[in-house]
Amino acid sequence: MKWLVAVDDRGIEIDSEQIASVEEVEPGVYSVLLDGASYEIRLLETSQGLRAEACGRRFLVDVRDPRDASRSSSGAVGSGRQNIAAPMPGRVVRVLVQVGDAVEAGQGLVVVEAMKMQNEMKASRAGRVVEVCVRDGDTVTAGDTLVVIE
């Protein structure tokens, strides 16, 4: 079973329902208050990816935040297909890649204009472009997939 889990400074939401409050107590360590009980969650980077440790159990974590797609670096977590999403509503000014192109971490993929500012969406890791979902002039909303790399 998979859930859509969102964590931000307001807490944790699962499938858009607020379920817990979260406080970072030190880098990589979070205190979670859920139904009156407090839990400590530690995030660990391993060779298999990011893992969370809570209540003596470890879980593989896949972090996805469309706002980070343009700011990520070669240290991005995960492998396989990765959707590069629009961080805000805007208009596609220029598509810089096409299907089949090999890309490096930090390479520009799409330029989106929002509020008269141009933002270059960059590859968060090296890979190959398997899908380009937009064309020059398209209007996008926050979270829309622009490019898929693998």
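I take a polar contact to be a pair of N or O atoms within 3.5 Å; within protein, one must be able to donate a hydrogen and the other to accept it, and residues adjacent in sequence count only if both atoms are side-chain atoms. With that in hand, I looked up Arg125 and found its side chain joined to that of Gln82 by a polar contact of 3.2 Å.

**Ground rules.** I am working with a predicted model, where local features need pLDDT of at least 70, side-chain atom pairs count only at pLDDT 80 or more, and totals for chains, interfaces and linings use all residues. Residues are numbered from 1 along each chain as its sequence is written, and side-chain values use heavy atoms, with hydrogens and water left out.

**Overview.** I counted zero helices and 15 strands in the chain; these are DSSP runs numbered from the N terminus, with helices being H or I of at least four residues and strands E of at least two. Of the 150 residues, 27% are buried, where buried means under 20% relative accessible area, exposed over 50%, and partly exposed in between (1.4 Å probe, protein chains only). I also checked contacts, meaning heavy atoms within 4.5 Å. Among those between residues at least 6 apart in sequence, 42% join residues at least 24 apart.

**Back to Arg125.** I placed Arg125 in the loop between β12 (117-122) and β13 (127-132). Arg125 is buried but has no salt bridge, and the nearest side chain of opposite charge, Glu150, is 7.4 Å away. For charges, Lys and Arg count as positive and Asp and Glu as negative, while His and the chain ends are not counted. A salt bridge here is a side-chain nitrogen of Lys or Arg within 4 Å of a carboxyl oxygen of Asp or Glu.

**Salt bridges.** My search of the whole structure gave four of them. In one, Arg81 pairs with Glu150, the closest N and O atoms being 3.3 Å apart. Arg81 lies in the loop between β7 (57-61) and β8 (82-85) and Glu150 in the segment after β15, so this pair ties together parts that are 69 residues apart in sequence. Arg81 is exposed at 55% relative accessible area, while Glu150 is partly exposed at 44%.

I then noted the salt bridge between Glu113 and Arg91, 3.2 Å from N to O. Glu113 sits in strand β11 and Arg91 in strand β9, so the pair links parts 22 residues apart in sequence. Glu113 comes out partly exposed at 26%, and Arg91 is partly exposed too, at 36%.

**Core.** A nonpolar core is a set of buried Ala, Val, Leu, Ile, Met, Phe, Trp, Tyr and Cys residues joined through side-chain atoms within 4.5 Å. The largest one has 16 residues, and Val103, Leu109, Val110, Val140, Leu146, Val147 and Ile149 touch the most other members. I saw that β11 (108-114) and β15 (145-149) each supply at least two residues of this core. Leaving aside neighbours within four places in sequence, Val140 has contacts that include Met88, Val112 and Leu146.

Which residues have positive phi without being glycine? I noted Met115, with phi near 50°, and Lys116, at about 65°. Met115 is in the loop between β11 and β12, and Lys116 is also found in the loop between β11 and β12. Met115 is exposed at 79% relative accessible area, and Lys116 is exposed at 80%.
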